[in-house]
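Q: I'm new to this structure and would like to learn how to read it. Could you walk me through it, one feature at a time?

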Amino acid sequence: MQSFDVVIAGGGMTGLALACSLQGSGLRIAVLETRQPDDAPLPEIPGVRVSAINAASERLLQHIGAWNAIIGQRANPYQGMEVWDRDSFGKIAFRSEEYGFSHLGHIIENQVIHRALWQRAEQLNEVEIFAPAKLKNVAWGENEAFINLEDGRMLTARLVVGADGAHSWLRQHADIPLTFWDYRHHALVATIRTDEPHQSVARQVFHGEGILAFLPLADAHLSSIVWSVSPEEAERLSALTDAEFNKILSSTFDLRLGVCEVVSERQTFPLTGRYARSFAAQRLALIGDAAHTVHPLAGQGVNLGFMDVAELASEIKRLQREGKDFGQYLYLRRFERKRKHSAAVMLAGMQGFRELFAGNNPAKKLLRDIGLTLADSLPGVKPQLLRQAMGLNDLPDWLQSKDLQLK
């Protein structure tokens, strides 16, 4: 029987970030992950699963000592964003230098972020990684949780954290109800080469039946696309030849970057919104996709998870300093209240935005085009939208230190 203060189920990006965030607290941390990471050299063509890391998440990754390793592998800062409604006049654009920022965020492959966090966690003397390790049972006691792994090992913890993804075993085992809804969209992701350089601008076009985003990668002519369309359309696009797909993609994107060429596999996955009824219980906290999943419309899913990490780590450290039992639900409720509010606001915003930009109803199209134009031109609106996109409105106080400014 091994005893830990915090056991984190899930060695993905959020789970590892939490482990790294707790370094220096004097707590013993365990991370349980079902498989070892792939340590093969990065392929020449970037992977199709990428994240748009905003300024708030960048600050967290800087603070825990993983950022330099991420930048040292492969990442691309973007300085601009453009959004428009196809075949219409609605559009909005942002440039970082207009508001005193060097960049708005970074486009980074998930495997790059994960590898840097794993390597950082392995360096920390207060963190122990169990991999491969799979949960078999968790029993909740008054003062600690008792954990059984499938290989027979047993652990105890003052707090168990579920960072084990959208289909969280831990959330289900704790009988926490889940509210979920089908967005009636699938996301098609791929890596695309374009004739014209992307100039480090993230672009997104609404085209009635779907949403197409081009995320600029480190190579000036490579972008990662996230194309949100109906399940039937996703299946049709996946079945096309490369030449047919390139033609439709270039046309849908209004040839903004010239002719497009797919240079990777095309993957599709269904989009589902999820919201756990509780983000915490006695001896349990949920973070990341285990607590919530959102539409990739604004690329905020992983950023929402990283802010869960920032808030939970801050609460654990504060409670530990005050000599309080951070595994008690009484004390976890503050974390839960803050993060449920942030997730609910994001989920509602994304749902409303998606509904507004769905379909080609003339009245709805006029409404959204006027809305985009006003947002682009009215004083004071764009700075607030930009702060929201950069995550600066959701930034915990302890991450707002002067040494991590992005200006």
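What follows is a conversation about strands, helices, salt bridges and the surface.

Q: Before we start, what kind of model is this, and how are residues numbered?
A: It's a predicted model, where local features need pLDDT of at least 70 and side-chain atom pairs count only at pLDDT 80 or more, while totals for chains, interfaces and linings use all residues. Residues are numbered from 1 along each chain as its sequence is written, and side-chain values use heavy atoms, with hydrogens and water left out.

Q: How many bridges join strand 3 and strand 7?
A: Five bridges, in the antiparallel sense, with strand 7 covering residues 105-109. To see one of them, find S51: its bridge partner in strand 7 is I108.

Q: Is helix 2 mostly covered or mostly open?
A: Buried means under 20% relative accessible area, exposed over 50%, and partly exposed in between (1.4 Å probe, protein chains only). By that rule helix 2 is mostly covered, with seven of its nine residues buried. Those buried residues are A55, A56, S57, E58, R59, L60 and L61. Their cover includes helix 1 (13-21), strand 3, helix 3 (67-73), strand 7, helix 4 (110-123) and helix 8 (301-321), where contact means heavy atoms within 4.5 Å.

Q: How many residues of helix 1 are buried?
A: Nine of the nine, so helix 1 is largely enclosed by the rest of the structure. Among them are M13, L16 and C20.

Q: Which way do side chains point from strand 2?
A: In a regular strand the side chains alternate between the two faces of the sheet. Strand 2 (residues 29-32) has I29 and V31 pointing one way and A30 and L32 the other way, and all are buried. Strand 2 pairs with strand 1 (residues 2-9) in the parallel sense over four bridges, and V6 stands opposite I29.

Q: Let's turn to salt bridges. How many does the structure hold?
A: Side chains of opposite charge can pair when their charged atoms come close. The cut-off here is a side-chain nitrogen of Lys or Arg within 4 Å of a carboxyl oxygen of Asp or Glu, and the structure holds 17 salt bridges. In one of them, the side chains of D5 and R28 meet at 3.3 Å, N to O. D5 lies in strand 1 and R28 in the loop between helix 1 and strand 2, so the pair ties together parts that are 23 residues apart in sequence.

Q: Why does D5 count as buried?
A: Because its relative accessibility is 6%. R28 is partly exposed, with a relative accessible area of 44%.

Q: Which residues form salt bridges with E322?
A: One is R318, with the closest N and O atoms 3.2 Å apart, and another is K324, also with the closest N and O atoms 3.2 Å apart. Salt bridges that share partners join E315, R318, E322, K324 and R334 into one network. Within it, R318 counts as buried at 18% relative accessibility, whereas E322 is partly exposed, with a relative accessible area of 43%.

Q: Where is G100?
A: G100 sits in the loop between strand 6 (91-95) and strand 7. G100 is partly exposed, with a relative accessible area of 40%. From G100 to E232, which are 132 residues apart along the chain, the C-alpha atoms are separated by 43 Å.

Methods. Pairing = 2+ DSSP bridges. Helix = DSSP H or I, 4+ residues; strand = E, 2+ residues; numbered from the N terminus.
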